[in-house]
Amino acid sequence: MLMPAGAPPTIRKISERHDKVFVTGCLEPQINGPRANAVLVVLARNQELEGVVQSIKSLERHFNRWFHYPYVFLNDGDFDANFRDTIMNYTSASVEFGKIDPSMWGYPDWVNVDVAREGIRKQGDKVIMYGGMESYHHMCRFYSGFFYKHELLLKYDWYWRIEPEIKYFCDITYDPFVHMERANKTYGFTIAVKELKETVPNIFRYASAYKRNNNLTSQGLWEMFAEPIEDEENQKSLPIDDPKYKPPLPDEILNTQAGHSGLPDVDPEAMEGEIYNMCHFWSNFEIARLDWFRSKEYNDFFNVMDRSGGFWMERWGDAPIHSLAAGALLGPKDIHYFRDIGYRHTTIQHCPANAPGNRQLPRPPYLETTTADEKKRKEEDDYWEQWDSVKGNGVGCRCRCDTDIVDVEGKQGSCLAEWVAVAGGWASA
């Protein structure tokens with residue numbers, strides 16, 4: 001069942017057959033409760049300090065002031081003293097800074113570097129989003145197949161990815177790691193959207209080949225990312241109200257790149273009658289088990305994708321890599337939709353409605369000490385004291401959503417409907 005046009009996406013209930021919201025509304029944080037063996041991971045460079053501070057302030061205010069999970073900051077270069085000292089001022093949690101080994105960042109020794117750089121140059125000429133940025137290709141490959149092998153992460157079982165320049169909108173008064181562990185979950189997301197087709201024209205061919213060559217049968221999640229070819233062939237003739245109609249990408253994605261690459265279509269016969277619908281979990285927010293990434297199955301998948309050359313000759317992101325690997329290796333029961341966590345990166349946000357009844361608890365003030373001006377500190381805290389009104393079926397805790405953009409689940413290009421379909425459908429009440 002598709003969401004009716006104009007229906008608030010934060011209000012409709014999703015079937016709990018495979019997954020359900022961990023906590024509806026607020027709890028009193030268990031400051032001295034059990035903790036998971038988990039870490040908050042930030043990949044950044046010195047020049048991104050301002051954006052990193054924005055992210056850390058937001059996460060500390062809404063979550064980590066209660067739970068004090070450690071941070072690991074990673075860089076392909078060296079963090080300078082100003083970066084390190086500044087970060088230490090914004091959290092009371094432990095912090096480690098690490099450098100990424102060249103074996104995890106850059107060109108592997110089996111790649112013809114001249115050919116790879118020419119592939120990247122051509123993507124730039126075609127104005128493929130980030131396609132001409134060599135460092136972006138390195139970053140995507142690192143987050144696809146190497147971050148979980150970094151020496152500073154080896155001692156941890158769970159990770160939460162933090163990007164520069166992000167915002168959280170709701171208080172997270174429970175421990176997501178502990179709840180993921182208790183529910184036997186593997187991977188958690190808060191936003192699922194469609195990828196730009198010209199960035200990954202052949203990615204599904206190789207993912208499908210891995211699945212076929214290893215005799216893998218879908219556990220029910222693969223269908224979130226794959227659809228029969230005839231659906232696409234008939235797409236242009238379908239009316240908007242047809243259940244099989246798939247809307248185009250959202251404007252803010254299309255408008256960030258200046259043109260279409262015109263890359264050739266993939267041979268459908270290589271994909272057993274399926275096409276990639278471009279859906280993926282937006283991996284700039286993800287909470288996941290590191291032992292899944294370290295598993296032989298995931299690394300076999302990554303090696304197949306890596307050896308294809310798609311990280312250079314195309315602009316494969318870690319989001320579709322993680323997602324297609326999950327589709328091949330996991331089922332809906334292994335995935336958790338953090339519907340209660342409000343999150344924004346760039347111009348895409350998910351922000352839930354606040355839970356009704358007595359589920360909104362008084363908010364403890366958070367007068368962070370890095371703002372010297374006491375008036376400004378008070379004004380910032382007062383802003384979050386005025387949270388949004390509650391709504392029926394709301395799940396959030398003291399959320400205050402940005403209003404300058406529409407929530408992603410209410411826009412074209414969202415993959416909420418695809419998740420709902422594999423998760424058991426919309427609940428009847």
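Colleague: Which residue stands opposite Ala 288 in β11?

Modeller: In this model, which is a predicted one, the residue that stands opposite Ala 288 in β11 is Tyr 187.

Colleague: And how do β6 and β11 run where they are joined, parallel or antiparallel?

Modeller: They run antiparallel, and two bridges join β6 to strand β11, which covers residues 287–289.

Colleague: What sheet do they belong to, and what is its strand order?

Modeller: Both strands sit in an open sheet of seven strands with mixed pairing, and the order is β3-β2-β1-β4-β11-β6-β12. The edge strands, each of which pairs on one side only, are β3 (95–99) and β12 (335–337), and the twist from one strand to the next averages 25°.

Colleague: Which strands does helix α2 lie across?

Modeller: Helix α2, made up of residues 81–88, lies across β2 (71–75) and β3, and it runs at about 155° to β3. Helix α4, residues 134–145, also packs on the sheet, where it touches β1 (38–43), β2 and β4 (158–162), and its direction makes about 165° with that of β1.

Colleague: Back to β6 for a moment: where is Thr 186 found?

Modeller: Thr 186 is in the loop between α5 (176–182) and β6 (187–189).

Colleague: Why does Thr 186 count as buried?

Modeller: Thr 186 counts as buried because its relative accessibility is 9%, and the cut-off for buried is under 20%.

Colleague: What does Thr 186 touch?

Modeller: Leaving aside residues up to four places away in sequence, Thr 186 touches Trp 158, Met 180, Ile 287, Ala 288, Arg 289, Trp 292, Leu 330 and Asp 334. Ala 288, one of these contacts, is also the residue that Tyr 187 stands opposite in β11.

Colleague: What lines the largest cavity?

Modeller: Its lining consists of Val 23, Gly 25, Asp 171, Ile 172, Thr 173, Tyr 174, Asp 340, Val 395, Gly 396 and Cys 397, and these residues divide into five nonpolar, three polar and two charged.

Colleague: And which residues line the second largest cavity?

Modeller: The second largest cavity, with a volume of about 40 Å³, is lined by Leu 27, Glu 28, Pro 29, Thr 173, Pro 362, Pro 364 and Arg 398. Four of its lining residues are nonpolar, one is polar and two are charged.

Note on methods: Residues are numbered from 1 along each chain as its sequence is written. This is a predicted model: local features need pLDDT of at least 70, side-chain atom pairs count only at pLDDT 80 or more; totals for chains, interfaces and linings use all residues. Side-chain values use heavy atoms; hydrogens and water are left out. Helices (H or I, at least four residues) and strands (E, at least two) are DSSP runs, numbered from the N terminus. Buried means under 20% relative accessible area, exposed over 50%, partly exposed in between (1.4 Å probe, protein chains only). Contact means heavy atoms within 4.5 Å. On a 1 Å grid over the protein atoms alone, a cavity is a set of points where a 1.4 Å probe fits but cannot get out, and a pocket is an open set with protein on both sides within 12 Å along at least five of seven lines; lining residues have an atom within 4 Å of a point. Ala, Val, Leu, Ile, Met, Phe, Trp, Tyr, Cys and Pro count as nonpolar, Asp, Glu, Lys and Arg as charged, and the others, Gly among them, as polar. Grid points are joined across faces, edges and corners, and a volume is the space filled by probe spheres set on the points. Two strands pair if DSSP finds at least two bridges between them. Axes are lines fitted to C-alpha atoms, for helices over the stretch in contact, and angles run from 0 to 180 degrees between N-to-C directions.
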